[in-house]
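I opened this entry to keep a plain account of what I looked up, beginning with the surface and ending with the aromatic rings.

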Amino acid sequence: MTEHYGYTPQKDALAKRMKRIEGQVRGIGKMIDDDKYCIDILTQVSAATAALHAVSINLLEEHIAHCVVDAASSGDDDAARKKIEEASAAIARLIKS
(Lines give C-alpha, C1' and ligand atoms only; values in the text may rest on other atoms or scores of the structure.)
Protein backbone atom coordinates (compact mmCIF):
# COMPACT_ATOMS: atom_id res chain seq x y z
CA MET A 1 0.00 0.00 0.00
CA THR A 2 1.34 3.44 -0.93
CA GLU A 3 1.64 5.92 1.90
CA HIS A 4 0.12 9.34 1.29
CA TYR A 5 1.65 12.55 2.57
CA GLY A 6 0.34 16.08 2.93
CA TYR A 7 1.81 17.12 -0.42
CA THR A 8 0.23 14.21 -2.33
CA PRO A 9 -2.66 16.30 -3.75
CA GLN A 10 -0.06 18.78 -5.07
CA LYS A 11 2.33 16.12 -6.35
CA ASP A 12 1.88 16.95 -10.03
CA ALA A 13 2.33 20.69 -9.46
CA LEU A 14 5.44 20.07 -7.34
CA ALA A 15 6.90 17.74 -9.98
CA LYS A 16 6.26 20.41 -12.64
CA ARG A 17 8.00 23.06 -10.48
CA MET A 18 10.98 20.76 -9.98
CA LYS A 19 11.25 20.15 -13.75
CA ARG A 20 11.28 23.93 -14.26
CA ILE A 21 14.01 24.29 -11.62
CA GLU A 22 15.95 21.47 -13.27
CA GLY A 23 15.80 23.43 -16.52
CA GLN A 24 17.01 26.56 -14.74
CA VAL A 25 20.00 24.66 -13.33
CA ARG A 26 20.84 23.19 -16.74
CA GLY A 27 20.64 26.72 -18.15
CA ILE A 28 23.13 27.91 -15.52
CA GLY A 29 25.51 25.16 -16.56
CA LYS A 30 25.16 26.24 -20.19
CA MET A 31 25.83 29.86 -19.20
CA ILE A 32 29.07 28.74 -17.57
CA ASP A 33 30.00 26.64 -20.61
CA ASP A 34 29.31 29.67 -22.81
CA ASP A 35 31.44 31.99 -20.64
CA LYS A 36 28.55 34.31 -19.78
CA TYR A 37 29.01 37.31 -17.49
CA CYS A 38 29.43 36.26 -13.84
CA ILE A 39 26.72 38.57 -12.51
CA ASP A 40 24.22 37.16 -15.01
CA ILE A 41 25.06 33.64 -13.80
CA LEU A 42 24.75 34.69 -10.16
CA THR A 43 21.33 36.19 -10.93
CA GLN A 44 20.18 32.86 -12.33
CA VAL A 45 21.65 30.96 -9.37
CA SER A 46 19.70 33.27 -7.06
CA ALA A 47 16.48 32.62 -9.00
CA ALA A 48 16.97 28.83 -8.84
CA THR A 49 17.75 29.02 -5.12
CA ALA A 50 14.60 31.07 -4.49
CA ALA A 51 12.55 28.55 -6.45
CA LEU A 52 13.94 25.66 -4.39
CA HIS A 53 13.24 27.57 -1.18
CA ALA A 54 9.63 28.07 -2.29
CA VAL A 55 9.26 24.32 -2.86
CA SER A 56 10.83 23.67 0.55
CA ILE A 57 8.46 26.05 2.33
CA ASN A 58 5.47 24.48 0.58
CA LEU A 59 6.56 20.99 1.62
CA LEU A 60 7.20 22.14 5.18
CA GLU A 61 3.76 23.76 5.40
CA GLU A 62 2.13 20.55 4.15
CA HIS A 63 4.17 18.48 6.61
CA ILE A 64 3.01 20.61 9.52
CA ALA A 65 -0.61 20.85 8.33
CA HIS A 66 -0.96 17.14 7.76
CA CYS A 67 1.76 14.93 9.24
CA VAL A 68 2.28 16.88 12.47
CA VAL A 69 -1.43 17.61 12.99
CA ASP A 70 -2.37 13.97 12.29
CA ALA A 71 0.25 12.71 14.74
CA ALA A 72 -0.84 15.21 17.40
CA SER A 73 -4.52 14.33 17.03
CA SER A 74 -3.80 10.59 17.15
CA GLY A 75 -3.15 10.78 20.88
CA ASP A 76 0.29 9.20 20.45
CA ASP A 77 2.55 11.68 22.23
CA ASP A 78 5.74 9.99 21.02
CA ALA A 79 4.63 10.11 17.38
CA ALA A 80 3.62 13.77 17.74
CA ARG A 81 6.95 14.65 19.37
CA LYS A 82 8.82 12.85 16.57
CA LYS A 83 6.94 14.76 13.84
CA ILE A 84 7.56 18.08 15.62
CA GLU A 85 11.27 17.24 15.93
CA GLU A 86 11.38 16.40 12.20
CA ALA A 87 9.76 19.73 11.36
CA SER A 88 12.13 21.62 13.67
CA ALA A 89 15.17 19.93 12.12
CA ALA A 90 13.90 20.77 8.62
CA ILE A 91 13.38 24.40 9.62
CA ALA A 92 16.92 24.51 11.03
CA ARG A 93 18.31 23.15 7.74
CA LEU A 94 16.34 25.72 5.75
CA ILE A 95 17.58 28.56 7.92
CA LYS A 96 21.20 27.46 7.41
CA SER A 97 20.91 27.40 3.64
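**Surface, fold and rings**

I looked up the surface and found that the protein exposes about 7,200 Å², of which carbon and sulfur atoms supply 59% (Shrake-Rupley method, 1.4 Å probe). I note that this is a predicted model, in which local features need pLDDT of at least 70 and side-chain atom pairs count only at pLDDT 80 or more, while totals for chains, interfaces and linings use all residues. Residues are numbered from 1 along each chain as its sequence is written, and side-chain values use heavy atoms, with hydrogens and water left out.

For the fold, I recorded three helices and zero strands, taking helices as DSSP runs of H or I with at least four residues and strands as E runs of at least two. The radius of gyration is 18 Å, well over the 13 Å that the globule rule gives for 97 residues, so the protein is more spread out than a compact globule (C-alpha atoms; 2.2 Å times the number of residues to the power 0.38). The C-alpha trace spans about 60 × 30 × 15 Å along its principal axes.

I then checked burial, and buried residues make up 19% of the 97 (under 20% relative accessible area, with exposed over 50% and partly exposed in between).

Last, I searched for aromatic pairs (ring centres within 6.5 Å) and the count came to one. Tyr-5 is partly exposed at 38% relative accessible area, and Tyr-7 is partly exposed at 31%.

Notes:
Rings of Phe, Tyr and Trp (its six-membered ring) pair if their centres lie within 6.5 Å; planes under 30 degrees apart count as stacked, over 60 as edge-to-face and the rest as tilted. Buried means under 20% relative accessible area, exposed over 50%, partly exposed in between (1.4 Å probe, protein chains only).
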